[in-house]
Amino acid sequence: MNRNIWIILISSALFNVCLGMYDFALPYFFDSINISYAKMGLIFGISSGLIFFLRMYVGAHSDRIGRKPFYSIGLLLSSLSILATPLLPGLIAQASFKTIREASLIVRDTMRSILVFENTKKDFHKIISKIIGIEFFLQGAGTLIAGIIMTGGMISSGFLAKEVKISPAQASLPLYACGVILFLTFIFFSSQFKESFKGNGSKAAIGFKDLVKINLPPKLLLLTATMFIFNLGVSISHSFFMPLFFKNKFLLGAAVVAVILMIHRFTLGLPMFVFGNFIKRKDFKKVYILSMIYEGLAIGAAALIPNFWIATCLWLTHDFFGAAFWSPINTSFIQEFARPESRGRDTSEAAALGSLGAILGPIIAGWLAGISVDLPFLVSGIVTALSIVPLFWL
């Protein structure tokens, strides 16, 4: 791997440790300041909706001026929005900070895939599989670190305790830590990454009509439809409600939930080091469909099982036999189906349209959670499994 790939890898490593910390700590922070499930759902849903146009704009403009500026800005805005989160607990402020953070996350994720592809087109599937694997492994480490910070350490009495109330101050500590780390990552990437970029020659501004016009190759459009349905389904269980499901259904303390969600990340990260080497290109579609079906069934079934060990162990397989297979295939498909002269725009447009499904998911979760703790996971599993339908025409 060349120098640029190593810099992307190091930056991604630090970013994803912080991602695990943030994703785990934020629902506990909201819970500690008594934000209801319905309002949590609105915050998460609004943040997904408002970033749509930004994602389209960034993808198109990166074809003109390069990827590095947007990747760097994504790191910087992530840092600032997370640092500000504990300081202003109001609903509007929290929705704003979450929106900024989600926008910066999406920008960074989109640019990461393109940068890797442009710096190493040979064996892209194998390389991106390993990078994504490392990222999810480190997200798991970040989740555990957040649980340790929030409960006072692994040797403290609160680490394995049940039903321990997390205070706003405890939930804020991981947020401050990850904001500082991301700021240092921004400095590192901006100063070290050397981009050799030739734009597509277009100097025209991107107008509103260009942003809302769907202009994707047919195969990429089908893939986008699949990701829209998938994001709708998975965001019902995998947004703010994921740690709160285990907290409320099985009455677990924050650190125990952190261990479960750490394993959750590992079950996606670790197998990617291996699976990517054995999936043949001719089997991509079949593996994609079967693994997505399994993922939906495992998520939904966990809601129906009252036993903690059986439900949790089954749920933890949903990525090992699901996303660990289909996620790198999806990433490869996107780059394959995108047009070389407009790769940034095509990639961003597909990701932006697919992410629209995540607007309704958290809102639905907030409504369902008010009825039953099991409903968000059950409905999530059903919708996730149905996301394969467009793939039959791929």
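1. Asp 23 is found in helix α1, where helices (H or I, at least four residues) and strands (E, at least two) are DSSP runs, numbered from the N terminus. This is a predicted model, in which local features need pLDDT of at least 70 and side-chain atom pairs count only at pLDDT 80 or more, while totals for chains, interfaces and linings use all residues. Residues are numbered from 1 along each chain as its sequence is written, and side-chain values use heavy atoms, with hydrogens and water left out.

2. Asp 23 counts as partly exposed because its relative accessibility is 28%; buried means under 20% relative accessible area, exposed over 50%, and partly exposed in between, with a 1.4 Å probe and protein chains only. Leaving aside neighbours within four places in sequence, Asp 23 is in contact with Arg 101 and Arg 265, contact meaning heavy atoms within 4.5 Å. The side chains of Asp 23 and Arg 265 are joined by a polar contact of 3.3 Å. A polar contact is a pair of N or O atoms within 3.5 Å; within protein, one must be able to donate a hydrogen and the other to accept it, and residues adjacent in sequence count only if both atoms are side-chain atoms. Asp 23 and Phe 240, although 217 residues apart in sequence, are 7.9 Å apart in space, C-alpha to C-alpha.

3. For the chain as a whole, the secondary structure comes to 17 helices and zero strands. Of the 394 residues, 58% count as buried, and among the contacts with a separation of 6 or more, 87% are between residues 24 or more positions apart.

4. In helix α13 (residues 308–315), the buried residues include Ala 311, Thr 312 and Trp 315. They lie on the same side of α13 because they cover an arc of only 95 degrees around the axis, the arc being that of the directions from the helix axis to the C-beta atoms. On the other side of α13, Trp 309 and Ile 310 are exposed. At the start of α13, a side-chain oxygen of Asn 307 comes to within 3.0 Å of the backbone nitrogen of Trp 309.

5. Trp 315 is also one of the partners of Ala 298, which, leaving aside neighbours within four places in sequence, is in contact with Leu 314, Trp 315, Thr 317 and His 318. Ala 298 is found in helix α12 (residues 284–304) and is buried, with a relative accessible area of 2%. The C-alpha atoms of Ala 298 and Leu 316, which are 18 residues apart along the chain, are separated by 8.1 Å.

6. Ser 387 lies in the segment after α17 (375–386) and is buried, with a relative accessible area of 0%. The side chain of Ser 387 reaches the backbone oxygen of Thr 384 at 2.6 Å. Not counting residues up to four places away in sequence, Ser 387 touches Thr 226, Ile 229, Phe 230 and Met 292.

7. Two backbone angles may be inspected. Asn 34, in the loop between α1 and α2 (37–50), has a positive phi of about 65 degrees although it is not a glycine, and at 67% relative accessibility Asn 34 counts as exposed. Leu 251, in the loop between α10 (241–249) and α11 (254–275), has a positive phi near 55 degrees and is likewise a residue other than glycine; Leu 251 is partly exposed, with a relative accessible area of 42%.
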